[in-house]
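Subject: Structure for your review

Dear colleague,

Please find below the structure that I am handing over to you. A summary of the findings follows it.

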Amino acid sequence: MNNQLLGKRGEELAAEYLVGHGFRIIDRNFKARYGELDIIAIQGTVLVFIEVKTRVGREFGLPEEAVTPRKLAEVLKTAQYYKLLHPNLPESLRIDVIGIELFSDETIKYFNHIRNVTG
């Protein structure tokens, strides 16, 4: 499976998980000059931006370890821009990371949801 398909599969799994845990997904794959937001959701009164990292195997570490400080800065800047474009959304913002490792048959081997990684 190529990286693009792997990423899409991970985002689908993450979206299913989020909906099952009370999140309302309002947008996906928002692109701006600064970067991309994988999943944008609302949980209660909080606007949540979710970065999803998916891998098969751990030769490069856990999937969520790929979310570097530089990547987080990109996500934050893009999230702020998204909020500027959608002023009617909740004021309270949060960034979450979901790390997923799949078996070769695309089933979940490992799943980790880290809430509020910047806070």
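I begin with N29, which is partly exposed because its relative accessibility is 25%; buried means under 20% relative accessible area, exposed over 50%, and partly exposed in between, with a 1.4 Å probe and protein chains only. N29 belongs to strand β1, which covers residues 24-31. Helices (H or I, at least four residues) and strands (E, at least two) are DSSP runs, numbered from the N terminus. Although N29 is not a glycine, its phi is positive, at about 55°. Most residues other than glycine have a negative phi.

Two remarks on the source are needed here. The model is predicted, so that local features need pLDDT of at least 70 and side-chain atom pairs count only at pLDDT 80 or more, while totals for chains, interfaces and linings use all residues. Residues are numbered from 1 along each chain as its sequence is written, and side-chain values use heavy atoms, with hydrogens and water left out.

E106 also has a positive phi without being a glycine, in this case about 75°. E106 sits in the loop between β4 and β5 (108-114) and is partly exposed, with a relative accessible area of 31%.

In soluble globular proteins, nonpolar side chains tend to be buried together.

I98 deserves a separate note. Leaving aside neighbours within four places in sequence, I98 is in contact (heavy atoms within 4.5 Å) with residues that include A14, Y17, L18, I50, V52 and F111.

The aromatic rings come next. Rings of Phe, Tyr and Trp (its six-membered ring) pair if their centres lie within 6.5 Å; planes under 30 degrees apart count as stacked, over 60 as edge-to-face and the rest as tilted. By this rule there are five aromatic pairs. In one of them, the ring centres of Y17 and F111 are 4.6 Å apart and the planes stand at 50°, so the pair is tilted. Because Y17 lies in helix α1 and F111 in strand β5, this pair ties together parts that are 94 residues apart in sequence. F111 is partly exposed, with a relative accessible area of 27%.

The rings of F30 and Y82 form an edge-to-face pair, because their centres are 4.8 Å apart and their planes are at 85°. F30 lies in strand β1 and Y82 in helix α2, so the parts joined are 52 residues apart in sequence. F30 is buried, with a relative accessible area of 14%, and Y82 is buried at 2% relative accessibility. One aromatic cluster is formed by F30, Y34, F49, Y81 and Y82.

Finally, G44 is found in the loop between β2 and β3 and is exposed, at 62% relative accessibility. G44 and P90 are 46 residues apart in sequence and 9.2 Å apart in space, C-alpha to C-alpha.
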